Amino acid sequence: MRRQPVRLAIVGANRGSGISRVLQSFEDRVRLTAVCDKNEELLKPWQERYPDIRTYGDFQRLLEDPAVDAVYIASPMHLHARQSIEALLAGKHVLSEVPAARTLEDAWELVETVERTGLHYMMAENYCFSRSALAVKSMAEQGLFGEITYMEGGYIHDCRHLVHAPDGSLTWRGELHRAFNGMNYPTHSLGPVSQWIGSSQPGGDELKSIAVFVSKARSLQHYFDERYGSRHPGARDGYWRQGDSAVAVVQTRKDVLIALRVDWTSARPPNSTHYAVQGTEGAYVSGRYEGEDDLIWLHRRSPKAEDGQPVTWEPLKRYQPELDHPLWKRWGHEASRFRHGGGDFLVFAEFFSAIAEGCAPGVDVYDAAAWSSVFALSMESVVAGGKTIPFPDFRRRNRG
């Protein structure tokens, strides 16, 4: 029996515009029904491209639409949790952009709402679904690294141009850097490495504690001085609370050590996928710049010297498609045409499959809450001088 397509609404016409091509690939599984945004100018291109869709300037009116089965939350970050909760309570499945929540209270309420409604919720952490991230996940699940002892995750990407409007006023990203000081955008760096230790799987590892340290705030001050002059508030000492680089040390319940870094204002070429894995029988290092190979060394497969010692790294691609994850083997032909290593495509493939098949998505509400909680936990740790803070156990109530 052919399933009815999911009737999807997009909340946030600007960020959501990047998924138009993705949705075209799922024409048999999804129908775009509505788009919501307070800015009418952003709705016009959607109306031109999809003459039959409904447009809304009010989120509550969208939730009253019975022709919407699911919503993709692509609004500014501080709205994600509340809009997701309200959509679930209105009977809609939810795919939310990152992070899922900024406070622990919102994270807990989100978890409880998903449990109470029984609807599907997924966080659209596309960095978990790149070809290389999935391949490393598959390798870890097969034990090719042996017992994992140490990992790194980093999101280092100059996004200074996104913190202000042309007139120099702050966007929500700018307000984020002005008002908070911690690890303010954690899921790109934490999500993939968390999956590599099986945090979502029965018997897998779990995040136990975190300590966070932040550098001085200088990059945005210099940037605003150069762009708008010394009279702009952003060019003055003390205006920006958020330091340039936030570094976290995470420990898991199985004593894996994880180093995280987030920096999206320092002046440098992009290095937005910065990962490493060290195990007792293998290691992985991601490419550090555009075009550089991801590298692996596997004790049982890579070349060795006569005395058995490692001699060289090997490109990860040498072992593909053999070691590709099953999800990539299924969807890779389509996914490879999209950004973030195919991740932009695969988050939607996962979400629509979860709804159609009635199964948990690849990044469920417990993952979303745990990874997003770094925002709040990091602020607490930084204020306390790098104090180690325990992670909440968001799965606790679900265990009974």
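User: How far is the sulfur of C359 from the closest cysteine sulfur, and in which residue does that sulfur lie?

Analyst: A disulfide is a pair of cysteine sulfur atoms within 2.5 Å. The closest cysteine sulfur to that of C359 belongs to C128 and is 16 Å away, which is too far for a bond. A search of the whole structure finds zero disulfides. C128, for its part, is in no disulfide, its nearest cysteine sulfur being that of C359. This is a predicted model, in which local features need pLDDT of at least 70 and side-chain atom pairs count only at pLDDT 80 or more, while totals for chains, interfaces and linings use all residues. Residues are numbered from 1 along each chain as its sequence is written, and side-chain values use heavy atoms, with hydrogens and water left out.

User: Are C128 and C359 buried or exposed, or partly exposed?

Analyst: Buried means under 20% relative accessible area, exposed means over 50%, and partly exposed lies in between, with a 1.4 Å probe and protein chains only. C128 is buried, with a relative accessible area of 2%, whereas C359 is partly exposed at 31%. Across the protein chain, buried residues make up 55% of the 400 residues.

User: How many helices and strands does the protein chain have, and why is helix α7 described as largely enclosed?

Analyst: Helices (H or I, at least four residues) and strands (E, at least two) are DSSP runs, numbered from the N terminus. The protein chain has 14 helices and 15 strands. Helix α7 (residues 131-141) has eight buried residues out of 11, so it is largely enclosed by the rest of the structure. An α-helix has 3.6 residues a turn, so residues three or four places apart point the same way. In α7 the buried residues are A133, L134, A135, V136, K137, S138, M139 and A140. Just after α7, G143 takes a positive phi of about 75°.

User: Which strands pair with β1, and in which sense?

Analyst: Two strands pair if DSSP finds at least two bridges between them. Strand β1 (residues 6-11) pairs with β2 (residues 30-36) in the parallel sense over six bridges, and R7 stands opposite R31 in β2. Four bridges join β1 to β4 (residues 70-73), again running parallel; here A9 stands opposite V71. Strand β1 is mostly covered, with five of its six residues buried.

User: In what order do the nine strands of the open sheet lie?

Analyst: The order is β14-β13-β12-β11-β7-β10-β9-β8-β15, and the pairing is mixed. The edge strands, β14 (314-315) and β15 (389-390), each pair on one side only. Within this sheet, β11 (residues 271-279) is mostly covered, seven of its nine residues being buried. Seven bridges join β11 to β7 (residues 148-156), antiparallel, with H274 as the bridge partner of G154. Three bridges join β11 to β12 (residues 282-285), also antiparallel, and A283 is the bridge partner of Q278. A hairpin of two residues joins β11 to β12.

User: How many cavities of 30 Å³ or more does the structure hold, and what lines the largest cavity?

Analyst: On a 1 Å grid over the protein atoms alone, a cavity is a set of points where a 1.4 Å probe fits but cannot get out, and lining residues have an atom within 4 Å of a point. Grid points are joined across faces, edges and corners, and a volume is the space filled by probe spheres set on the points. The structure holds two such cavities of 30 Å³ or more, and the largest contains about 200 Å³ of space. Of the 16 residues that line the largest cavity, E206, L207, A370, P392 and R395 are the closest to its centre. Helix α13 (residues 365-372) gives the largest share of this lining, four residues.

Note on methods. 1 Å grid on protein atoms, 1.4 Å probe; cavity = no way out; pocket = protein on both sides within 12 Å on 5 of 7 lines; lining within 4 Å.
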